[in-house]
Amino acid sequence: ASLQLNATSQQLCNKPSTEALSSARKAYLDTLLTWRTIEVAPIGPTNNINNGRVFELPAAPLATLIEQGKQTPNHVMVDAEAHHHGIKLPDGTIGLPVIATLLFHGTPKQTLQLLKQEKICAYLQWQSQVVARQITIQQYEWSGLSRGAMYDMSYPGQFVAEYLSKIIAGA
């Protein structure tokens, strides 16, 4: 889903239209729903602090995002570079909540006008890359965890104990 979000945001910025906006919005919702299915168990790799920043923290006010968008690098970044620089951004100016604010800003016409502002579409693309890379990192970490369990069945036990402790504590 995150790769589709990345692709549709690029298409939207390359050729803005209500159809492209609709595709990007759908890809955003698919990505959000995919995240929602795994966020319920914040254990192991899912408990990574950057996940909270990328997927959960509320977006800053639109005016702040517009100002942050103006700081988007001028060159197109590869995903790892985009993630490296994106993770350094202040809380509220990174990830899915920012994408939601940019894609669902009023009517489609209002959203398309917003995306035409200086570097805002590039900022949308950048944040889509950050989200895609964070999800890739999660896939690598969970894959490593499952490989570790193949060698030692007690390996994931610490994460189960951590999760159960959080449930008992009401977290």
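The largest nonpolar core of this predicted model has 36 residues, of which Leu12, Tyr28, Leu96, Ile99, Leu102, Leu103 and Leu124 touch the most other members. A nonpolar core is a set of buried Ala, Val, Leu, Ile, Met, Phe, Trp, Tyr and Cys residues joined through side-chain atoms within 4.5 Å, where buried means under 20% relative accessible area, exposed over 50% and partly exposed in between, with a 1.4 Å probe and protein chains only. Among the helices that each supply at least two residues of this core are helix 2 (18-39), helix 6 (96-103) and helix 8, and helix 8 gives the most, with eight residues. Helices are DSSP runs of H or I with at least four residues, numbered from the N terminus.

Leucine 124 is in contact (heavy atoms within 4.5 Å) with Ser9, Leu12, Cys13, Ile99, Leu102, Leu103 and Leu115, if residues up to four places away in sequence are not counted.

The structure also holds one disulfide, a pair of cysteine sulfur atoms within 2.5 Å. Cysteine 13 and cysteine 121 form this link with their sulfur atoms 1.9 Å apart, and with -95 degrees about the S-S bond the link is left-handed. The pair joins distant parts of the chain, 108 residues apart, with cysteine 13 in helix 1 (residues 2-14) and cysteine 121 in helix 8 (residues 120-151).

| Residue | Relative accessible area |
|---|---|
| Cysteine 13, buried | 18% |
| Cysteine 121, buried | 12% |

Residues are numbered from 1 along each chain as its sequence is written. In this predicted model local features need pLDDT of at least 70, side-chain atom pairs count only at pLDDT 80 or more, and totals for chains, interfaces and linings use all residues, while side-chain values use heavy atoms, with hydrogens and water left out.
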